[in-house]
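Below is a short briefing on one protein chain. Look through the sequence and the structure first, then read the points by topic.

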Amino acid sequence: MDHNFHIHGAFFQLLTRNGAAPRAYETGLKDTVYLPANSRVEAIVQYSQATVVGAPYMYHCHILEHEDAGMMGQFTVV
Ligand SMILES: [Cu+2]
């Protein structure tokens, strides 16, 4: 299935899409990336602020049915 992957708290840049350089229109800072079925991206992200106890950052798919089915997580930055 297709997904719209989103992270909170920072922007990221795509390094690769399916092993190749991303297209020019995908090289800007993003907080969401479209992932067609069976595709893969590599991205780099830098957080300028660590998380505080009890308030982790989140990532999730923007399709609500996917999010409700578990495509959501939390992570900490130290
Ligand atoms: Cu999804």
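**Overview**

From the N terminus on, the elements of the chain follow the order β-β-β-β-β-α-β. That makes 1 helix and 6 strands. Helices (H or I, at least four residues) and strands (E, at least two) are DSSP runs, numbered from the N terminus. The model is a predicted one, in which local features need pLDDT of at least 70 and side-chain atom pairs count only at pLDDT 80 or more, while totals for chains, interfaces and linings use all residues. Residue numbers start from 1 along each chain as its sequence is written.

**The chain as a whole**

- Taken along the principal axes, the C-alpha atoms of the chain fill a box of roughly 35 × 30 × 15 Å.
- The chain has 78 residues, and buried residues make up 4% of them. A residue is buried if 20 or more other C-beta atoms lie within 10 Å of its own, exposed if 12 or fewer, and partly exposed in between, with C-beta atoms placed from the backbone.
- Among the contacts in the chain with a separation of 6 or more, 60% are between residues 24 or more positions apart. Two residues are in contact if their C-beta atoms, placed from the backbone, lie within 7 Å.

- An open sheet of 4 strands has the order 3-1-5-6, and its pairing is antiparallel. Its edge strands are strand 3 (32–35) and strand 6, each of which pairs on one side only.
- On average, neighbouring strands of this sheet are turned by 15 degrees against each other, direction ignored. For such angles, axes are lines fitted to C-alpha atoms (for helices over the stretch in contact), and angles run from 0 to 180 degrees between N-to-C directions.
- Two strands pair if DSSP finds at least two bridges between them.
- Strand 1 and strand 3 run antiparallel and are joined by 4 bridges. In this pairing, F5 has V33 in strand 3 as its bridge partner.
- Strand 1 (residues 3–7) also pairs with strand 5 (residues 57–61) in the antiparallel sense, over 3 bridges. Here I7 stands opposite Y59 in strand 5.
- Strand 5 pairs in turn with strand 6 (residues 72–75), in the antiparallel sense and over 4 bridges. H60 stands opposite M72 in strand 6.

**The start of the chain**

- D2 lies in the segment before strand 1.
- Is D2 buried or exposed? D2 is exposed, because it has 12 other C-beta atoms within 10 Å.
- Leaving out residues up to four places away in sequence, D2 touches L35, P36 and A37.
- D2 and S39 are 37 residues apart in sequence, and their C-alpha atoms are 8.7 Å apart in space.

**Two asparagines in loops**

- N18 lies in the loop between strand 2 (12–17) and strand 3. Its phi is near 55 degrees, a positive value in a residue other than glycine.
- Why does N18 count as exposed? N18 is exposed because 11 other C-beta atoms lie within 10 Å.
- N38 lies in the loop between strand 3 and strand 4 (41–45). N38 is not a glycine, yet it has a positive phi of about 60 degrees.
- N38 has 8 C-beta neighbours inside 10 Å, so it counts as exposed.
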